[in-house]
Amino acid sequence: WISSLSIVAGALALIPLLATAINYHRTVKSQCSAVWWHPVLRFVGLGFVAYIVSALMETAEALPGLSGVLQFTWFVPAQHQLAIYGFVMAAMGAVYHIAPRITGLPLCARCVTVHFWVATLGILLSVVPLAAGGIVQGLKLNQASVPFTDVVHATLMMLRVSTLGDALLLFANFIFLRIIVGVLLRLGRVCLTTSWAAATAPAQTPEAAR
């Protein structure tokens, strides 16, 4: 009974996923390439792809034939991390879109591009090896003859690669911080310059104004 309920829950979880995919497709239509190469919109596009993939991974975890292999392995943290990273990427894209309109100052386009590719590589290196390691871990854990130490050694290299991806994501976050702090510092200089110019401007008398 519980197994049948999990199958129904997994199938129902695909409905909002399908609705989101249709909504995104109808919004973008034939401009997918333009979205991908836009310096800001591709952050949102990557977040959407991460949401779709993480939702499919979560659905796979609920299926009876796969849950015995995927649950209680590194596959579950990989799915959670992909969902979080996708949301963060979309949020950063929103910040990159809003910040120039609020401050009136342009962003460093090269820094934004470097941030995107470093973050994308970090997500891939963090999530893919972790998910693959979870699958290998689950398959070996289901074999009673395999010692637990062998299971640990089988996933060790994948965990090291995933740690490298985490380091790249940390570096990408520093790039994001540098861009935002740089915009705020430039905005502060502009405000100080304007205030100083207004404070030191010679006062005009009514006769001089005439």
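Visitor: What sets the numbering, and what limits apply to a predicted model?

Guide: Residues are numbered from 1 along each chain as its sequence is written, and side-chain values use heavy atoms, with hydrogens and water left out. As this is a predicted model, local features need pLDDT of at least 70 and side-chain atom pairs count only at pLDDT 80 or more, while totals for chains, interfaces and linings use all residues.

Visitor: Why is Gly 138 called buried?

Guide: Buried means under 20% relative accessible area, exposed over 50%, and partly exposed in between, with a 1.4 Å probe and protein chains only. Gly 138 has a relative accessibility of 1%, so it counts as buried. Gly 138 is placed in helix 6, residues 109–141; helices are DSSP runs of H or I with at least four residues, strands are E runs of at least two, and both are numbered from the N terminus.

Visitor: What does Gly 138 contact, leaving aside its neighbours within four places in sequence?

Guide: Gly 138 is in contact with Val 69 and Thr 73, where contact means heavy atoms within 4.5 Å.

Visitor: Is Phe 72 buried or exposed, and what makes it so?

Guide: Phe 72 has a relative accessible area of 77%, so it is exposed. Phe 72 is placed in the loop between helix 4 (64–70) and helix 5 (75–103). Phe 72 also has a positive phi of about 60°, although it is not a glycine.

Visitor: Why is Ser 162 called buried?

Guide: Ser 162 has a relative accessible area of 4%, and therefore it is buried. Ser 162 is found in helix 7. Not counting residues up to four places away in sequence, Ser 162 touches Leu 125, Ser 126, Pro 129 and Leu 130.

Visitor: How many aromatic pairs does a search of the whole structure find?

Guide: The search finds four aromatic pairs. Rings of Phe, Tyr and Trp (its six-membered ring) pair if their centres lie within 6.5 Å; planes under 30 degrees apart count as stacked, over 60 as edge-to-face and the rest as tilted. One of the pairs is Phe 43 with Phe 116, at 5.3 Å centre to centre and 70° between the planes, which is edge-to-face. This pair links distant parts of the chain, with Phe 43 in helix 3 (residues 41–62) and Phe 116 in helix 6, 73 residues apart. Both Phe 43 and Phe 116 are buried.

Visitor: What makes the pair of Tyr 96 and Phe 176 edge-to-face?

Guide: The rings of Tyr 96 and Phe 176 are 5.5 Å apart centre to centre, with 65° between the planes, and the pair is edge-to-face. Tyr 96 lies in helix 5 and Phe 176 in helix 7 (residues 148–200), so the pair ties together parts that are 80 residues apart in sequence. Tyr 96 and Phe 176 are buried. Ring pairs link Phe 43, Tyr 96, Phe 116, Trp 117 and Phe 176 into a cluster.

Visitor: Why is helix 3 called roughly antiparallel to helix 5?

Guide: Axes are lines fitted to C-alpha atoms, for helices over the stretch in contact, and angles run from 0 to 180 degrees between N-to-C directions. Angles under 35 degrees count as roughly parallel, over 145 as roughly antiparallel, 65 to 115 as roughly perpendicular and the rest as oblique. Helix 3 and helix 5 pack at about 160°, with axes 8 Å apart. Helix 3 is therefore roughly antiparallel to helix 5.

Visitor: What residues, by class, make up the contact of helix 3 with helix 5?

Guide: The contact has 15 nonpolar, five polar and two charged residues. Ala, Val, Leu, Ile, Met, Phe, Trp, Tyr, Cys and Pro count as nonpolar, Asp, Glu, Lys and Arg as charged, and the others, Gly among them, as polar.

Visitor: How do you know that helix 5 is roughly parallel to helix 7?

Guide: Helix 5 and helix 7 pack at an angle of about 15°, with their axes 12 Å apart. Helix 5 is therefore roughly parallel to helix 7. By class, their contact has 10 nonpolar, three polar and one charged residues.

Visitor: What makes helix 3 roughly parallel to helix 6?

Guide: The angle between helix 3 and helix 6 is about 10°, and their axes are 11 Å apart. Helix 3 is therefore roughly parallel to helix 6. The residues of this contact divide into eight nonpolar, three polar and one charged.
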